[in-house]
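Thanks for making time this morning.

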Amino acid sequence: MMNIQSVDKLQIQVLVDNVTDSLSSVPENVTHEMAYLRSNGMKELSGECLCCGAHGLSLLLTASQGNVKHSLLFDAGPEGEVFKRNVTKLKANLGAVQAVVLSHGHWDHSGGFLMALDLIKSQNHEKEIVFHLNPGMFYQRATTSHTGEICPFKKVPDVQELEKKGAAIVNSDDPRLLLDNMFYLSGEIPRITEYEKGFPGHVRQLPSGAWEADPWIMDERFLVVNVRDKGLVVFSACSHAGIINVLKHAQTLFPDIPLYAVMGGFHLSGKSVEKIIPQTVKSMEQFNLKMIIPAHCTGWRAVNALGNAFGYSIIVPSAVGRIYDF
């Protein structure tokens with residue numbers, strides 16, 4: 001077990017997500033995009049002031065322990081212009097970012113990487129930024145149609161591209177603690193549940209040029225922060241491993257610390273996976289989570305099922321521009 005440090009405070013700023021929502025009621029520790037913009041100088045409500053939703057995810061995480069504060073960027077959304085627009089509207093403090101983590105090798109999480117690196121370095125006076133990756137992220141990925149047609153994904157920026165723009169790279173399969181041990185980045189996630197089967201129809205291309213089935217997407221990783229007097233907050237950007245597998249592994253890694261919250265895409269949308277929503281919701285009960293924050297690829301059917309099961313004091317869906325304070 002790695003010695004993850006507890007932090008006094010954790011703030012999550014949603015830079016990119018599929019949806020916008022500044023109207024639904026939220027708990028006291030959550031701030032809407034519009035309220036945040038008003039508090040940061042917005043004089044007139046207009047479309048030009050607001051962020052845009054896009055199919056992807058990017059979270060700015062800031063952990064504080066006494067006088068020490070560290071910021072980490074978790075994914076960068078599907079493309080640079082979306083990332084830039086939202087960061088600009090939110091006046092997000094990218095200059096404080098010291099590390100960047102890619103959850104897995106898919107375009108909707110890595111497409112904004114190069115823009116993110118440019119914006120971070122423009123704000124931090126060219127200080128070194130460490131990108132945490134693993135070798136499995138760099139395969140060409142694709143989905144297959146029912147007729148067998150291959151639909152390729154845009155590839156993840158490679159190590160050379162990132163280094164050319166000034167990034168420092170840690171490209172390793174190993175789990176690790178980051179930034180004074182305030183963040184834990186997982187290694188490979190064990191697939192142990194019977195019903196979580198990964199991403200059906202997903203394939204990867206081998207060096208020979210041949211395509212092979214790749215439903216498990218074994219390069220996927222999750223992040224954990226331990227908030228003092230609360231417990232573990234788990235970040236799972238797409239949960240191709242299965243969100244129950246993610247939570248079980250986090251629980252195994254840190255058996256003496258309770259799970260407090262989980263945030264991310266739970267990958268429960270689409271015909272091939274919507275059938276496991278009831279089992280997933282039922283299995284969530286064992287963790288006694290105090291907040292569940294579905295995002296990105298979770299899908300409205302799963303959000304509705306989770307809300308019916310746990311109530312909307314625990315289920316607080318993510319949206320672009322929201323701030324979550326723990």
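Predicted model: local features only at pLDDT ≥ 70, side-chain atom pairs only at ≥ 80, totals over all residues.

On one side of helix H8 (277-284), Pro278 and Lys282 are exposed, where exposed means over 50% relative accessible area, buried means under 20%, and partly exposed covers what is in between, with a 1.4 Å probe and protein chains only. Residues are numbered from 1 along each chain as its sequence is written, and side-chain values use heavy atoms, with hydrogens and water left out.

The buried residues of H8 are Ile277, Thr280, Val281, Ser283 and Met284. They lie on the same side of H8 because they cover an arc of only 165° around the axis, the arc being that of the directions from the helix axis to the C-beta atoms. As a reminder, an α-helix has 3.6 residues a turn, so residues three or four places apart point the same way.

For H6, the residues Ile243, Ile244 and Leu247 meet Thr280, Ser283 and Met284 of H8. The two helices pack at an angle of about 20° with their axes 10 Å apart, the axes being lines fitted to C-alpha atoms, for helices over the stretch in contact, and the angles running from 0 to 180 degrees between N-to-C directions. H6 and H8 are therefore roughly parallel to each other; angles under 35 degrees count as roughly parallel, over 145 as roughly antiparallel, 65 to 115 as roughly perpendicular and the rest as oblique.

Turning to H9, which spans residues 300-310, the buried residues are Ala302, Val303, Leu306, Gly307 and Phe310. These sit on the same side of H9, because their arc around the axis is only 135°, whereas Trp300 and Asn308 are exposed on the other side. Helix H8 and strand S18 (291-295) are among what covers the buried residues of H9. After H9 comes Gly311, with a positive phi, near 85°.

Further along, in the loop between H9 and strand S19 (323-325), we find Val316, which counts as buried because its relative accessible area is 3%. Leaving aside residues up to four places away in sequence, the contacts of Val316 include Val26, Pro27, Met291 and Tyr324.

Another loop residue is His240, between strand S16 (231-235) and helix H6 (243-253). Is His240 buried or exposed? At 2% relative accessibility, His240 is buried, and beyond residues up to four places away in sequence, its contacts include His104, His106, Glu220 and His267.

Finally, the largest nonpolar core has 38 residues, and Leu15, Leu73 and Phe113 are among those with the most contacts inside it; such a core is a set of buried Ala, Val, Leu, Ile, Met, Phe, Trp, Tyr and Cys residues joined through side-chain atoms within 4.5 Å. Its largest share, six residues, comes from H4. Phe113 touches Val100, Phe131 and Leu162, among others, not counting residues up to four places away in sequence.

Definitions and conventions
Helix = DSSP H or I, 4+ residues; strand = E, 2+ residues; numbered from the N terminus. Contact = heavy atoms within 4.5 Å.
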